[in-house]
Amino acid sequence: MIHEHFWLYLLVTAGTTYLVRMIPLVLMKGKITNRFILSFLHYIPYAVLSVMTIPAIFYATGENLLPAIGGFVVALNLAWKGCSLTAVAAGSCLAVLLLSLLL
């Protein structure tokens, strides 16, 4: 059974989603030239991705935190050395697997 307020909830959700995307288009008429704002907007996707990914790394192994930490350290080292995303993911997964088997 559909909740009696479903259509109201749907309308409010659609409205807020639309407003969040529409308001910047209406308020920002010209090109953004401020270096600080451009830098801020440039790094937002990386910050959001990090905030979403890093906690998931530590909860992925369940109760045993050591394999997750090991995989994270391996991923950081491989990324720091300039390895590809595929190599970083494969290396960290392999590290987690090996540490899980050892512990």
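The backbone oxygen of Ala89 lies 3.0 Å from a polar atom of the Ser92 side chain. Ser92 belongs to helix H4 and counts as buried, with 15% relative accessibility (buried means under 20% relative accessible area, exposed over 50%, partly exposed in between, with a 1.4 Å probe and protein chains only). This is a predicted model, in which local features need pLDDT of at least 70, side-chain atom pairs count only at pLDDT 80 or more, and totals for chains, interfaces and linings use all residues. Residues are numbered from 1 along each chain as its sequence is written, and side-chain values use heavy atoms, with hydrogens and water left out.

**Packing of H3 and H4**
- Helix H3 (residues 66–80) and helix H4 (residues 85–102) pack at an angle of about 150°, their axes being 8 Å apart.
- H3 is therefore roughly antiparallel to H4 (angles under 35 degrees count as roughly parallel, over 145 as roughly antiparallel, 65 to 115 as roughly perpendicular and the rest as oblique).

**Residues at the contact**
- Residues of H3 including Leu66, Gly70 and Val74 meet residues of H4 including Ala87, Gly91 and Ser92 (contact means heavy atoms within 4.5 Å).
- The residues of this contact of H3 with H4 comprise eleven nonpolar, five polar and no charged.
- Leaving aside neighbours within four places in sequence, Ser92 is in contact with Gly71, Val74 and Ala75.

**Leu98**
- Leu98 is also placed in helix H4 and is partly exposed, with a relative accessible area of 45%.
- Leu98 and Pro55 are 43 residues apart in sequence and 21 Å apart in space, C-alpha to C-alpha.

Technical notes: Axes are lines fitted to C-alpha atoms, for helices over the stretch in contact, and angles run from 0 to 180 degrees between N-to-C directions. Helices (H or I, at least four residues) and strands (E, at least two) are DSSP runs, numbered from the N terminus. Ala, Val, Leu, Ile, Met, Phe, Trp, Tyr, Cys and Pro count as nonpolar, Asp, Glu, Lys and Arg as charged, and the others, Gly among them, as polar. A polar contact is a pair of N or O atoms within 3.5 Å; within protein, one must be able to donate a hydrogen and the other to accept it, and residues adjacent in sequence count only if both atoms are side-chain atoms.
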